[in-house]
Every structure is written in C-alpha cells, then in structure tokens.
Amino acid sequence: TDLNSFKKVDKLPNRSLFGQKIIGTESILSGGGLKWAVKRKLMSPYFSKLNLNDLFGVCKPHMAGSELKRWKLQVGSGAKLDLHEQLSITFTSFLQVMGLHAFLSPEEIASNVYEMLDVIPKQLFQRWDFIFSKEREGPTRMIQRMRAAAQQVAQAQVRHAIENPDEEPASTDLLAQLVRANNVKRGESQITEVVVDDIMTICLVMDNMVKQICSL
C-alpha cells in the first residue's frame, strides 16, 4: 500500500483556529503517511470486535449507574432538554471509564466542543470580520485551557509508560493505548503533544457521533 495515499488535506478547518492548535496535523484523524499508518495499526486492536466486548464491560455499569441517575434527574426536573447536549454529555462521560477520569467533566467537554464547532466555520466564511473581533478571544482561551487540561493527564501517562516500558496497557484504557501508539521514536514532550491532539480529536468525533444519532 502506498502510504502517501493516506495523506490528508493540509488545510482542514478543525486543525486550528487562527493559529491556535485544536487537533493539529498528526492526530489519529488528521495525520497521514507513515506516522499515521503506524499509529492506526497500533490502535487497531482497541477497535476490534473482541475489545469492544471489554469496553462494553466497563461502559455498561457506568451507564446503568451514575449516567442513568443523571438522566433521571434531568427528566424528572420537568425542564426542557436539549437532546444533542444531553447525549454529548453521555458520550463524553464514557471517557471517565476509559482512562481519562482526570480530564475535564463531561459537561465541560460537551460545552467546549459545541463552542468550538460553532466558531470553526467562521474562520472560513466570516474570516475578516471574525479575526479582528473580540468574539474569537473566548474560544481561543477555551481551547488553550482544554488542551492544557489534556496535557496534564497525557503527560502523567507518558511518563508512566516511559518508566515502565514492559507494562502492557489495559485493553480498555484509551489514554494508555494512545500513548503506546504514539510512543514511536519520539521524546516525552513530542509524545505528550500528539496524545493531546488525539484527545481533542476524540472529543470532536464523539460530538459528530451524537449529531448522527440526533439526525435519525
């Protein structure tokens, strides 16, 4: 297979917001070529049917426990619910049982992603009006805070992996698997940066999954 055929379009709008990196150019979604192929190969077992059974084993108790309780409270309140918002919180809450429990809360992730996806198209269709407006300051700072939070959890896992090179990550630990997939001829800071890109990518992908469900 010609790995160059996997090269992605260089200027996708979700890679950055006026210079502020969102998912970058080396994530599991935005990367291309040999580095992407190696990462995708190392991550393939995580998405296998066999491993999905393991993931179901950790996600089902979470859904039947704290997440079901949250839904009952929301529905019982009698307030009008935004289906997209509530499903986004549910989907991102699964990250808590997939190795990212020290990351942001599901509510904050869902809110941040909604804001990002609302503002990203503006750099394409309202470029000059938006670039000089104060409106872009809030989203830019939010992305910085979100990446900083992701960096904290990623860096801790990267250091653990470097210090324990023979340790096999748990099949359900998404964070550990991402570190393993990126730990190829890179230093600690480089691995951490790309893992942060992957975490941001996963958050955006989860929102896209929610949109697909809501459109049914």
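The buried residues of helix H3 are His-84, Gln-86, Leu-87, Ser-88, Ile-89, Thr-90, Phe-91, Thr-92 and Ser-93. In this predicted model, H3 spans residues 83-93 and is mostly covered, with nine of its 11 residues buried. The elements against which these buried residues pack are helix H2 (49-76), H4 and H9. The points below set out the overall fold, the helix contacts, and the surroundings of selected residues.

**Overall fold**

- The protein contains nine helices and two strands.
- In sequence order, the elements run β-β-α-α-α-α-α-α-α-α-α.
- Of the 216 residues in the protein, 43% are buried.
- Among contacts with a separation of 6 or more, 67% are between residues 24 or more positions apart.

**Helix H3 against helix H9**

- The axes of H3 and H9 approach within 9 Å and cross at roughly 135 degrees.
- An angle from 65 to 115 degrees would count as roughly perpendicular, and one over 145 as roughly antiparallel; H3 is therefore oblique to H9.
- The H3–H9 crossing is right-handed.
- On the H3 side, the residues that meet H9 are Leu-83, His-84, Leu-87, Ser-88, Phe-91 and Thr-92.
- On the H9 side, the partners are Met-206, Asp-207, Met-209, Val-210, Lys-211, Ile-213 and Cys-214.
- Sorted by class, the residues of the H3–H9 contact comprise eight nonpolar, three polar and two charged.
- Several H3 residues in this contact also belong to the buried set of the helix, among them His-84, Leu-87, Ser-88, Phe-91 and Thr-92.

**Helix H4 against helix H9**

- Helix H4 (residues 106-119) and helix H9 (residues 188-214) have axes that come within 10 Å and cross at roughly 85 degrees.
- H4 and H9 are therefore roughly perpendicular to each other.
- H4 contributes Ile-109, Val-113, Met-116 and Leu-117 to the contact, while H9 contributes Met-200, Cys-203, Leu-204, Asp-207 and Lys-211.
- The contact of H4 with H9 comprises seven nonpolar residues and two charged ones, with no polar residues.
- Asp-207 and Lys-211 of H9 take part in the contact with H4, and both are also listed in the contact with H3.

**Helix H4 against helix H7**

- H4 packs on helix H7 (residues 137-163) at an angle of about 135 degrees, with the two axes 10 Å apart.
- This angle makes H4 oblique to H7.
- The crossing of H4 with H7 is left-handed.
- From H4, the contact involves Ile-109, Asn-112, Val-113, Glu-115, Met-116 and Val-119.
- From H7, it involves Gly-138, Pro-139, Met-142, Ile-143 and Met-146.
- Eight nonpolar, two polar and one charged residues make up the contact of H4 with H7.

- Leu-174 belongs to helix H8 (residues 174-182) and is buried, with a relative accessible area of 4%.
- Apart from its neighbours within four places in sequence, Leu-174 contacts Met-43, Tyr-46, Leu-95, Met-98, Leu-100 and Ile-202.
- Gln-123, in helix H5 (residues 122-125), is buried, with a relative accessible area of 8%.
- Gln-123 and Ser-16 are 107 residues apart along the chain, and their C-alpha atoms are separated by 9.7 Å.
- Arg-141 of helix H7 is partly exposed, with a relative accessible area of 45%.
- The C-alpha atoms of Arg-141 and Gln-20 are separated by 9.1 Å, although these residues are 121 positions apart along the chain.

**Cysteines**

- The structure has zero disulfides.
- Cys-59 has a relative accessible area of 14% and is therefore buried, since the buried class lies under 20%.
- Cys-214 has a relative accessible area of 30% and is partly exposed.

Definitions and conventions. Residues numbered from 1 in each chain as written. Predicted model: local features only at pLDDT ≥ 70, side-chain atom pairs only at ≥ 80, totals over all residues. Heavy atoms only, no water. Axes fitted to C-alpha atoms, helices over the stretch in contact; angles between N-to-C directions. Helix = DSSP H or I, 4+ residues; strand = E, 2+ residues; numbered from the N terminus. Parallel < 35°, antiparallel > 145°, perpendicular 65-115°, else oblique. Contact = heavy atoms within 4.5 Å. Nonpolar A, V, L, I, M, F, W, Y, C, P; charged D, E, K, R; others polar. Disulfide = S-S within 2.5 Å. Buried < 20%, exposed > 50% of the residue type's maximum accessible area, 1.4 Å probe, protein only. Left-handed = near helix turned anticlockwise from the far one by under 90°.
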